[in-house]
Amino acid sequence: MTNKKHIATPTRTKEILKKYGFFFKKSLGQNFLIDVNILENIIKHAGINKETGTIEIGPGIGALTEQLAIHAKNVVAFEIDQRLLPILKDTLSDYNNVTVIHQDILEADVKEVIEANFAPDQEVHIVANLPYYITTPILTNLLRNRLPVSGFTVMIQKEVAERMAASPNTKSYGSLTIAMQYYTHAEVVMHVPKSVFMPQPNVDSSILKLTTRTKPPVDVLDEDYFFSIVQACFAQRRKTLRNNLTSYFKEKYNKETISTILENIGIDGTRRGESLTMEEFATLANAFFRGI
Ligand code: SAM
């Protein structure tokens, strides 16, 4: 297939928008990709081949969907905007390995969709140029549901990608980092200029790859408790651990008890949340969970 035929070019995209009188809805995070090279990079980093099953979130007019149809075995795409359904039917009419589901991804039973559309032993990868207004809820939801997928390769806001892939003792490191890295190995694979989108977003973007872990890197006694403690430790970034934990536990534990628990596990209460590794957060959460 020649480049000219691809959906992801400024000319073809404009043609399609004009043909259907389509206007962008900012509220749905509609910034379409108009650069085939970027799409090829997404496909390459996702490690997709002719055996891979893929799930796309938000196909738009089909720019990325088309590349997935070409390079993967099959594609299931969730699109919330009803106006795009007839357009996708038209733009993807050459491909018989694409299924479009008209649904809000946050309401979808993705596990059931995986069972219905992919073979039990087939590798499934989630690929998307995500609507930025709900990047975090989408990824958090999908990860918490422990979907049987090899990972996610997604275009998201640069700053958010950096937070998800951050290391301790950096400005980007926070509770979002822990939430992502508990379930996956996170890596920013590439920064992307605004010019590859139509319309151009206000923020910079990056491609993030999240590779699902077979098991979490730490043992925690209670996951919800662990994530709450992590959040509490970052509640006020400039405050010490001891002070953040004192505010969090209020009546349950006073400052002295908190200091004793921290001493018992060998974590200095004057440190800040951003200096703690995932292992240290696990030790801390488990100690408070046990109440010792
Ligand atoms: N994949 C296309 C591309 O790269 O050109 C479009 C990407 S655009 C950034 C995001 C897409 O997600 C839009 O088509 C939008 O309508 C859709 N979308 C927004 N919120 C959604 C949701 N909650 N569930 C499913 N799709 C959604």
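Across the interface of domain 1 and domain 2, the rule finds 6 residue pairs in polar contact, both at pLDDT 80 or more. A polar contact is a pair of N or O atoms within 3.5 Å; within protein, one must be able to donate a hydrogen and the other to accept it, and residues adjacent in sequence count only if both atoms are side-chain atoms. Helices (H or I, at least four residues) and strands (E, at least two) are DSSP runs, numbered from the N terminus.

This is a predicted model: local features need pLDDT of at least 70, side-chain atom pairs count only at pLDDT 80 or more, and totals for chains, interfaces and linings use all residues. Residues are numbered from 1 along each chain as its sequence is written, and side-chain values use heavy atoms, without hydrogens and water.

The domain assignment gives domain 1 (3–212) and domain 2 (223–290); such bounds come from an automatic or database assignment. Their C-alpha centres lie 36 Å apart. In contact (heavy atoms within 4.5 Å) are 14 residues of domain 1 and 15 residues of domain 2. The two domains bury about 1,200 Å² between them, 60% of it on carbon and sulfur atoms. Buried area is the accessible area (1.4 Å probe) that two parts lose on being put together, summed over both. In domain 1, Tyr 173, Ile 178 and Tyr 182 lose the most area to domain 2, together 43% of what that side buries.

The largest nonpolar core has 64 residues, and Phe 226, Leu 284 and Phe 288 have the most contacts inside it. A nonpolar core is a set of buried Ala, Val, Leu, Ile, Met, Phe, Trp, Tyr and Cys residues joined through side-chain atoms within 4.5 Å. Buried means under 20% relative accessible area, exposed over 50%, partly exposed in between (1.4 Å probe, protein chains only). Helix α12 (residues 278–290) gives the most to this core, with 7 residues. Apart from it lies another core, of 37 residues, among them Leu 39 and Phe 197.

Leu 39 is also one of the buried residues of helix α2 (residues 36–46). Elements covering the buried residues of α2 include α3 (63–71) and β6 (151–157). Asp 35 caps the N-terminal end of α2, with a side-chain oxygen 2.8 Å from the backbone nitrogen of Asn 37. Just after α2, Gly 47 takes a positive phi of about 70 degrees.
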